[in-house]
Amino acid sequence: MELRAAAVNALSQHRKAALLIGGAGAALLGLAVGYKYLRKPEKLVRVGVVSQLLVHPLKSGKALSVALAECLRTGLKFGELQDRHWMVVTEDGHMVTGRQEPRLVLMTLTCEGGQICLNGPNMEELKFPKKNPQNRVIDCRVFGADIQGRDCGDAASSWITRYFKAEKTYRLVHFEPHMKARKPEPLFPKDEEVAYPDFAPVMILSEASVKDLSSKLDKPVTVERFRPNIIISDCEPFDEDSWEEIQIGSVRLKRVMACGRCLFTTVDPETGVISRKEPLDTLKIYRLCDPSEKHLYKSSPLFGQLLTVNKTGILQVGDEVFKIVR
Ligand SMILES: *[C@@H]1O[C@H](CO)[C@@H](O)[C@H](O)[C@H]1NC(C)=O
């Protein structure tokens with residue numbers, strides 16, 4: 001299995017290199033194996049069940065748990081709300097996340113009849129139109145990359161600034177479909193684009209992985225803390241690390257890399273308090289990357305997997321998850 005996978009990999013990605021390195025004989029054998037392998041119809045192996053779908057319309061904001069969502073190339077969409085399509089920024093356009101303002105995790109952004117609703121503890125609800133074509137477009141920065149966002153207006157700005165009791169003025173921006181999107185990490189295929197997520201359009205995480213981590217902690221944690229989109233049950237801890245391609249309903253997803261974890265995991269999603277310790281310290285004990293991948297993840301422990309969308313469609317809680325085996 002290992003050899004076959006290696007042969008196919010070499011064939012599809014580095015055909016020339018394989019030919020040069022392996023010599024003609026080995027290359028021919030590789031070709032024959034690869035050919036046979038590629039011709040084999042793919043098999044779907046059931047690996048789990050979708051137990052939750054989480055959409056985070058606001059970057060670092062509270063997740064909406066939904067029973068059904070569209071899975072687009074740029075991530076999950078529920079009604080008029082698309083995952084990580086709104087973001088809090090400083091006046092000069094720099095992203096503000098739960099790392100700087102942990103209480104962001106308690107803020108909700110929803111949409112009713114074309115009106116965006118902002119809510120937060122001890123705050124009155126604020127409503128404003130989703131579409132504000134007269135507002136200016138702000139040049140924003142997300143992890144050093146440029147991206148645009150339509151300013152959501154002064155009322156949203158002052159509401160958020162008050163909520164955080166911030167010294168500087170914050171603004172809310174919305175990513176519109178015509179705007180120039182961001183290229184995710186270099187590891188992602190060239191044609192992949194995202195709005196405001198840290199890395200990928202989709203993150204998956206299994207309940208078993210969270211349970212495994214919780215068993216090592218004094219205080220258990222829940223999946224919300226890790227901000228995945230698709231939560232999968234009925235599998236073993238960290239099974240998701242080995243699913244290179246999965247199918248859920250008609251949706252196909254491809255694994256790109258693991259999710260390297262940061263201080264944000266130490267923000268309690270119930271209280272909005274950052275501890276700067278757990279569960280990150282425990283994750284660092286047993287979830288560091290292989291030394292060969294240190295250039296990718298550095299000292300960040302790995303938890304959850306980042307995927308791209310190969311085929312769009314509808315996802316539903318209760319859907320079976322299949323690993324695609326070729
Ligand atoms: C989906 O995967 C196939 C096979 O790997 C590839 O040829 C195709 O370009 C992919 N499509 C998208 C939208 O990523």
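Modeller: With the cover over helix α3. This is a predicted model. The buried residues of α3 are covered by elements that include β6 (86-90), β9, β10 and β13 (170-174).

Biologist: Which residues of helix α3 are buried?

Modeller: Start with the general idea. An α-helix has 3.6 residues a turn, so residues three or four places apart point the same way. Now the case here. Helix α3 spans residues 154-163, and its buried residues are A156, S157, W159, I160, T161 and Y163. Buried means under 20% relative accessible area.

Biologist: What happens just after α3?

Modeller: Look at the backbone of K165. Its phi is positive, about 45°.

Biologist: β9 and β10 were part of the cover. In what order do the strands of their sheet run?

Modeller: To read a sheet, follow the pairing from strand to strand. Here the order is β8-β9-β10, an open, antiparallel sheet of three strands. Neighbouring strands are turned by 25° against each other on average, direction ignored.

Biologist: How many bridges join β8 to β9?

Modeller: Five, with β9 covering residues 115-119. As one case, C111 has I116 in β9 as its bridge partner.

Biologist: Which residues surround the ligand?

Modeller: List the neighbours, then check the polar distances. R73, K254 and N310 surround the ligand. K254 places a polar side-chain atom 2.9 Å from a ligand oxygen. For N310, a side-chain N or O atom is 2.3 Å from an oxygen of the ligand. On its own the ligand has 360 Å² of accessible area, and the protein covers 42% of that.

Terms used. Residues are numbered from 1 along each chain as its sequence is written. This is a predicted model: local features need pLDDT of at least 70, side-chain atom pairs count only at pLDDT 80 or more; totals for chains, interfaces and linings use all residues. Side-chain values use heavy atoms; hydrogens and water are left out. Two strands pair if DSSP finds at least two bridges between them. Helices (H or I, at least four residues) and strands (E, at least two) are DSSP runs, numbered from the N terminus. Axes are lines fitted to C-alpha atoms, for helices over the stretch in contact, and angles run from 0 to 180 degrees between N-to-C directions. Buried means under 20% relative accessible area, exposed over 50%, partly exposed in between (1.4 Å probe, protein chains only). Contact means heavy atoms within 4.5 Å. A residue is near a molecule or strand if one of its heavy atoms lies within 4 Å of it. A polar contact is a pair of N or O atoms within 3.5 Å; within protein, one must be able to donate a hydrogen and the other to accept it, and residues adjacent in sequence count only if both atoms are side-chain atoms. Accessible areas come from the Shrake-Rupley method with a 1.4 Å probe; for residues, only the protein chains shown count as cover.
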